[in-house]
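Subject: Handing over the structure

Dear colleague,

I am passing the structure below on to you, and after it you will find notes on what was found. Please keep it open beside the text while you read.

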Number of protein chains: 4
Amino acid sequence: MDAIRAGIIGATGFAGAELARLLALHPRFEVIALTAGAEAGMEMGALYPALEHAYRGVQLVPHHHESLFSCDVVFTAVPHTAGMQHAARLIERGISVIDLSADFRFNDVDRYERTYEVSHTAPQLARRAVYGQPETMRERLHEAARERENGMPALVGCAGCYVTASILAAAPALAAGLVEPCAPLVVDGVSGVTGAGRKATARTHFCTANENIEAYGLPAHRHAPEIAQAYSRLMPSLGSAEDIRLAFAPHLVPLNRGLLATVHLPLATDIDPAELHATYCSFFSDSPLVTVLDQDVLPKTAAVAGTAYAQVNATVDKRTRIACALCAIDNLGKGAAAQAVQCANLIFELPENTGLDAIACIP
Amino acid sequence: MDAIRAGIIGATGFAGAELARLLALHPRFEVIALTAGAEAGMEMGALYPALEHAYRGVQLVPHHHESLFSCDVVFTAVPHTAGMQHAARLIERGISVIDLSADFRFNDVDRYERTYEVSHTAPQLARRAVYGQPETMRERLHEAARERENGMPALVGCAGCYVTASILAAAPALAAGLVEPCAPLVVDGVSGVTGAGRKATARTHFCTANENIEAYGLPAHRHAPEIAQAYSRLMPSLGSAEDIRLAFAPHLVPLNRGLLATVHLPLATDIDPAELHATYCSFFSDSPLVTVLDQDVLPKTAAVAGTAYAQVNATVDKRTRIACALCAIDNLGKGAAAQAVQCANLIFELPENTGLDAIACIP
Amino acid sequence: MDAIRAGIIGATGFAGAELARLLALHPRFEVIALTAGAEAGMEMGALYPALEHAYRGVQLVPHHHESLFSCDVVFTAVPHTAGMQHAARLIERGISVIDLSADFRFNDVDRYERTYEVSHTAPQLARRAVYGQPETMRERLHEAARERENGMPALVGCAGCYVTASILAAAPALAAGLVEPCAPLVVDGVSGVTGAGRKATARTHFCTANENIEAYGLPAHRHAPEIAQAYSRLMPSLGSAEDIRLAFAPHLVPLNRGLLATVHLPLATDIDPAELHATYCSFFSDSPLVTVLDQDVLPKTAAVAGTAYAQVNATVDKRTRIACALCAIDNLGKGAAAQAVQCANLIFELPENTGLDAIACIP
Amino acid sequence: MDAIRAGIIGATGFAGAELARLLALHPRFEVIALTAGAEAGMEMGALYPALEHAYRGVQLVPHHHESLFSCDVVFTAVPHTAGMQHAARLIERGISVIDLSADFRFNDVDRYERTYEVSHTAPQLARRAVYGQPETMRERLHEAARERENGMPALVGCAGCYVTASILAAAPALAAGLVEPCAPLVVDGVSGVTGAGRKATARTHFCTANENIEAYGLPAHRHAPEIAQAYSRLMPSLGSAEDIRLAFAPHLVPLNRGLLATVHLPLATDIDPAELHATYCSFFSDSPLVTVLDQDVLPKTAAVAGTAYAQVNATVDKRTRIACALCAIDNLGKGAAAQAVQCANLIFELPENTGLDAIACIP
């Protein structure tokens, strides 16, 4: 079989480098272009010694390098507003795009523009983009794959890291209609420092982040509308995304990779913990990258660090009738690059976990 | 002035050693007895080289050593059920007790027994014990100080670490009656590993706790009833502790000292963020150990590590009308030993921050 | 091709679990037995959630389980003295053994007995065992592979983690005869906490190891004679292992995986840094798992964590004529399990890096 | 008694902020000026919330602010070349200077210029400056104090962090003439990340430094000549600083504060470990800030983090006749700011540990 030619725009950021790492060992994708901004011209292995074997002699090219036009698929690991520009140019040439920026996460362009306070320059594309969260959007991704076969390049707007974990934690309860409408829903996210990006700042200095816990981005973090959109889709009787009374607080803690979403869901009715657990197992029964742990076993991020896996579970406090739903992921793995590869696998009609079988280190 | 003679029962656990460290530099308390279980007979400085200068040649004695009976005050840093036994013996001899176990945190003995699933062997004492959370119980502590002057030994049941932070985060909003009755209240706590105690287990192994985030103790952690009791006292219109629909999820993250409580409070009415901030500043205006940060500045645990201070702030999401109230403490400092010393200061009519002026390292 | 049936004795320790992780993804070895002591009977995935997918339903069996006798090769990841007992029983049945204990690291049985202060119960085997450090013993491992083909089971005594890094750092300089005979050689090793083993102790408690640096095992650590043995083999003019004046100080620092050996080598003659670098490149030109970095680029353990790779480089201070040779490995990877798999690959005539292509996370 | 008026030039760097923290609680020094570069105009407490209580309302002023001229003593926590400029201006006005830059560490101006590859603009001052390492320079500091009484402002060039630990580890053995002349001396230093400074760079990014060990600054780090100078003074028979064959390798590991020096000293003659230990105890018997641990107990940096203390010990390998001498300090404490305060105490004829009694957190 021919290799699928892949490019990575923004290969030197944390998500881009993780894509490079994953694709280096993928049996079907072949990386033919790695782009960078200021670091264009450097060798990938000089920048990241861990990649020296995989990319020996491979030079980073500028973001607009023509080699991208020979790709079958391009991953765009860039800040918002850059994603839409690259996508427009590539889609026009028939190249499928897996965008890791925020630019194609909302089909509702108004909502995007209000949330990010910028204009969308590719609204037509935004409206047809598929939301890249495979466990809850698998059918739409299959459909996009069929369209790609028929000549229409695919455009996937990958879910963010906090949102992915928030969705996976709550999806089974929401899809089963178990949640009390109108009640406040609370999502607390706790993330490692790779989530703050590669830029060296006072905040990402080792000595600032180490031995510290802090919340940030309050009161209204811009991932909250994306979580609300997903929750509304999963349980329409909650109302529209704007209606949902959702509180979201992200936290930064001292580790490299790992993200835990803790979702507090007031329930509409009494439900037995075993029944809730069965609902979770059933929901994810066809999802090879999501593990529902045994009842009463809680997720740990260390068990999924460096991998494409998510671990999920939910408990219920019978007195208060509030469920606590939990999901652990690697924010750069299932929360970013690995989920992007999972989407690409689906778009190219490969088993969704192809090339994603890495197991977390113990310890 | 004569020194106030102090003893520490359980001086080798993390909270006990922190008490020893704080009292070594306190201008009025003089430590005359440090007790231990299996480690009795060792020198404190051999066990903890950091204390070598402060306790040169001081030997740990058994928990029931008679030197305790020469104390004016004894701090009991022991597991629950042990606290009540020591307290009974000491109070009987007229010695004031500052208990760091859970045994005197509930005046309602039934509630204690249901929560901890043990019988209380000193129910009379439990009923008269003062809850050791000075910012919300200062008057009761002053009263106990006056009673001590009149010959009745004081008994303080110090608040736990998660509970202290949960109280300080929410107290101003609750005391002002701002919270929506009946709505679910959500407290997420994130703590460093000293909170898991000194015992070496698979869970506290460096390699298990490092590079990991996990929630634990779900669905119904036994600190939840203590938080509910405090919230009910602060805002009686919420109903009794049993009535409050409170969800509490504690999390373990890889650092030594630090605890952040993130409290989501649905509000009864619209309130301006500046007004909420003013409410917080006013509430803590007489509390030397609590810092309300400038509006929009969020607490960091690193700024209070190793100290007796708490940092507090609150934000409001105007769309959802949910406040997010935050408090950062050192779980062994303001969350345990330093708050115990603060209580003792009040009981002995010293300024409450006496001996508690240490400043956190930067960084 | 038929799978090569493999067993792991001691699969629950850190090195054993790493073997299980590596072999789960190896294209030729198939794990048919995982043994444990107290944890026999548990499922591997319940103990280590990261392995749940790879070992679903696989139960740990006792160390003497008969399924081991159906193996083609058994890895023994056990303490010293246990290695020799398992090996004797398995070799007798024609099963090749890759031993990760210290029991077969010395062909000189006396030296083993003096170093470990125990009797060797399988001295014949010790004398014929091959030292499992492929970059410096590749020919002997090929020879053992040929003998295995001819019916004699192989016995490999894998090099320890500190020793592996100390050898790789210094081997090119020693093999080229560059080192000043009689001068003191100094090896300082700095290791993460997985090197201290899985046992939960005061020393491996998160809060003890975190935010701490310490040396240990001084003055005469038992890995020093193993390093001296290797150095003597590589440069016989230094004299016997007993003659070499070697100082070795291991250090413990707060991370999970990673080991850096810093070897100070007084040189016999002036040598240009570029010439020394060329010597290093040449020495490792046929070693797929060792990367000699560009001149003046120093190794970082993070670039090899979770992998089978070593990074090596050396500098010279021309004024003092002392070279500083450095090697970074993952103590559980190239320092233990991955090197054991590399040895097994050679024994079964596979390319030595088969199944060992994992790339370190960035970051 | 009148307060001694102190200023800090460079109060926002890590060493400067530590000085501000220490002086805030010092019983005799009163800080009347804190200077900054780009951050001048900010409040100290806004920049470092931990200092909010101690410096409420105190604004950072520019480096050349006139308030400095009202000081009795100024601490200069600035890069090399800046130290000499500030010192010249202050000394001229009769103000004593405790310089934490490298500018006054060498009385031999040529040696300074060769090491730092810059010209010295205050060579006269450099020649008369006192080396700020009190345990080995106490008499000279006393002398400078007497001169200050007589009207000549003191100028102290504080020892660097690696050098301080290297001196304290080896001083007793060197002063007793125990070391083999001509043999290579090896110093390996292992430091936390505060040692790399406050600047946010790729190297100090949390995710780069975390879970990593690396050596740096090889082959010829510029602290090596300073170590050699100190060793030559302590044991003149080793020859001049240029003669000593010293290898020094610094290492960076993931923690905030802590530095361990491991010094390998080939000995001239056999010496019993107990005798060596007695030599150490005797050497430091009048040094309140240095603890010689019990024989066979090795220093840990955690026991001195946040403090002015050093822990020291030494072992001997009788076979190789190489001693391993160890010293643990806080690189910002005894390695920088606390040692500067200790020097200032001596210059102002206070007990040298005044205001330096903080005890390290456990843990």
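In which sense do β1(A) and β2(A) pair, and over how many bridges? The two strands pair in the parallel sense over five bridges, where two strands count as paired if DSSP finds at least two bridges between them, and where helices (H or I, at least four residues) and strands (E, at least two) are DSSP runs numbered from the N terminus.

Before going further, please note that this is a predicted model, in which local features need pLDDT of at least 70 and side-chain atom pairs count only at pLDDT 80 or more, while totals for chains, interfaces and linings use all residues. Residues are numbered from 1 along each chain as its sequence is written, chains are lettered from A and ligands numbered from 1 in the order in which they are written, and side-chain values use heavy atoms, with hydrogens and water left out.

Returning to chain A, the bridge partner of Ala6(A) in β2(A) is Val31(A), and β2(A) also pairs in the parallel sense with β3(A), residues 61-62, over two bridges, with Val61(A) as the bridge partner of Thr35(A).

As for the two chains themselves, 19 residues of chain A are in contact with 19 residues of chain D. Chain A and chain D bury about 1,300 Å² between them, 68% of it on carbon and sulfur atoms, this being the accessible area (1.4 Å probe) that two parts lose on being put together, summed over both.

In chain C, seven strands form an open sheet with parallel pairing, in the order β3-β2-β1-β4-β5-β7-β6. β3(C) and β6(C) stand at the edges, each with a single partner strand, so one side of each is left without a neighbour in the sheet. Three bridges join β6(C) to the parallel strand β7(C), and Gly132(C) stands opposite Cys158(C) there.

Conventions
Contact means heavy atoms within 4.5 Å.
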